[in-house]
Amino acid sequence: MPDPTLPPTHRALVLTSTSQPLEVRELPMYTPSLGSAIIRVTATSIITYAREVLTGVRKYDYPKPYVPGSAAVGRIVALGNDATTLRVGDLVLTDIWMHARDDPTQRCLHGVYQGGPNGTPVTRFVQDEDGWRHGSWAQYVKVPLENCYRVPDVIGAGVGALRAEPVHWLRLAQMVVPFGGLTGDGGVDLRPGESIVIAPATGAFSGSAVEVALAMGARVVALGRSEEGLRRLEDGLRAYVEAGRLRTIRMSEYADAESLKTAIGRVDCYLDISPHTAAGSFHFKACLLALGVRGRACLMGGIHDDIPIPHGAIYRNDLRITGKWMYERKAVFDMIKMAETGVLNLTRGESWSFGLEDWDAALIHAERHARWGQLTFFEP
Ligand SMILES: NC(=O)c1ccc[n+]([C@@H]2O[C@H](COP(=O)([O-])OP(=O)(O)OC[C@H]3O[C@@H](n4cnc5c(N)ncnc54)[C@H](OP(=O)(O)O)[C@@H]3O)[C@@H](O)[C@H]2O)c1
């Protein structure tokens with residue numbers, strides 16, 4: 001039954017086909033149902049490659065028409081009766097990483113990609129327009145209860161405490177992605193005091209990996225090709241450079257894997273979060289060779305091609321290599337706690353906000369501001 005306290009319609013950005021532009025439309029209000037929450041969206045992120053997805057350059061399958069989306073921050077306006085701790089009025093961060101309830105191995109990115117295991121579609125999961133089809137680029141979004149995380153009004157503690165703004169939680173949503181590859185839940189299980197090489201390290205997600213690994217107490221070697229990208233990272237995280245905990249390496253200055261490995265030195269862990277264009281890069285081999293005995297590596301990059309690996313070094317050094325798509329639910333709770341205690345700083349970087357009508361400019365802006373610490377978002 002519709003909730004009479006909610007408006008009958010709301011404004012949303014709708015994609016009908018990747019060969020057609022997005023449109024701002026009035027959509028019917030969602031019906032509150034068991035297991036769901038309806039959120040009035042205050043701010044919602046735009047991933048840097050959203051334009052490629054929405055124009056079909058990246059082949060991300062999704063039932064159409066749909067409202068695209070990403071992480072969102074807002075207040076709960078309606079809840080299923082089975083909610084136990086969440087309340088109407090709570091400030092929440094919504095998470096796009098969804099798992100089918102009858103089969104959690106079927107996973108999708110809400111409003112982005114309906115990919116199932118090995119890329120097989122899980123259409124049933126996101127087909128219902130009053131269910132989970134539509135993402136967050138709208139005034140309201142409906143999400144499963146388990147994709148709603150209550151967040152505090154204040155971040156940091158003691159003299160460092162400050163009022164949290166929506167963009168801080170969107171930054172957390174960006175950071176939790178590489179955190180998945182740093183935890184022991186399928187990632188490298190990074191421990192305080194350990195060293196890690198992160199490659200590449202100058203993109204939005206990969207740069208966040210550097211920041212999170214530093215917050216976890218590690219010493220980081222950050223790889224990149226672009227001098228400007230690496231300088232940006234060093235400038236933004238200057239205190240860690242000065243403390244000797246962050247070192248950058250311009251990998252394009254090296255001729256081969258062996259010389260790059262020597263420049264990296266010996267490390268405990270390696271997190272890779274490369275884009276598909278990096279498939280032929282020798283940094284994979286260099287980073288694996290830099291691992292010591294019982295070193296751990298996690299591959300998170302969007303690479304679909306095969307990459308050569310140094311087999312001899314892997315068995316002789318007892319290396320463990322895992323892959324990780326996103327993160328486990330506990331990682332989000334842990335990151336919120338890290339922000340509350342001030343261990344994780346959510347205030348670095350720069351951000352830009354757009355209205356839904358300015359979607360074209362917003363998507364171009366997000367694509368052109370895809371470095372560490374840069375975040376573009378809608379305020380619907
Ligand atoms: N596993 C997951 O759950 C997950 C989640 C989200 C994203 N991803 C993947 O993570 C990837 C990285 O995301 P992002 O936002 O950090 O960055 P991105 O914008 O996709 O990629 C830019 C980064 O890649 C480097 N790069 C580009 N071409 C390269 C090449 N040929 N060789 C070596 N490095 C190259 C750039 O380095 P320079 O600018 O220094 O040249 C820059 O650091 C995405 O493409 C996505 O597929 C995975």
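Mentor: What follows covers the chain in brief and then the pairing of helix 3 with helix 4. Bear in mind that this is a predicted model. The chain has eleven helices and 19 strands, and its C-alpha trace spans about 65 × 50 × 40 Å along the principal axes. Its radius of gyration is 21 Å, which agrees with the value near 21 Å for a compact globule of 380 residues. Of those 380 residues, 47% count as buried. Among contacts with a separation of 6 or more, 73% come from residues 24 or more positions apart.

Now the pair itself. Helix 3 covers residues 166-182 and helix 4 covers residues 204-215. Their axes lie 8 Å apart, and the packing angle is about 65°. Angles of 65 to 115 degrees count as roughly perpendicular, so helix 3 and helix 4 are roughly perpendicular to each other. The crossing of helix 3 past helix 4 is right-handed.

Which residues of helix 3 and helix 4 meet? From helix 3 come Gln174, Met175, Val177, Pro178, Phe179 and Leu182. Facing them in helix 4 are Ala204, Phe205, Ser206, Ser208, Ala209, Glu211, Val212 and Ala213. Sorted by class, this contact has ten nonpolar, three polar and one charged residues.

Terms used. Residues are numbered from 1 along each chain as its sequence is written. This is a predicted model: local features need pLDDT of at least 70, side-chain atom pairs count only at pLDDT 80 or more; totals for chains, interfaces and linings use all residues. Helices (H or I, at least four residues) and strands (E, at least two) are DSSP runs, numbered from the N terminus. The radius of gyration is taken over C-alpha atoms; the globule rule is 2.2 Å times the number of residues to the power 0.38. A residue is buried if 20 or more other C-beta atoms lie within 10 Å of its own, exposed if 12 or fewer, and partly exposed in between; C-beta atoms are placed from the backbone. Two residues are in contact if their C-beta atoms, placed from the backbone, lie within 7 Å. Axes are lines fitted to C-alpha atoms, for helices over the stretch in contact, and angles run from 0 to 180 degrees between N-to-C directions. Angles under 35 degrees count as roughly parallel, over 145 as roughly antiparallel, 65 to 115 as roughly perpendicular and the rest as oblique. A crossing is left-handed if the near helix is turned anticlockwise from the far one by less than a right angle, and right-handed if clockwise. Ala, Val, Leu, Ile, Met, Phe, Trp, Tyr, Cys and Pro count as nonpolar, Asp, Glu, Lys and Arg as charged, and the others, Gly among them, as polar.
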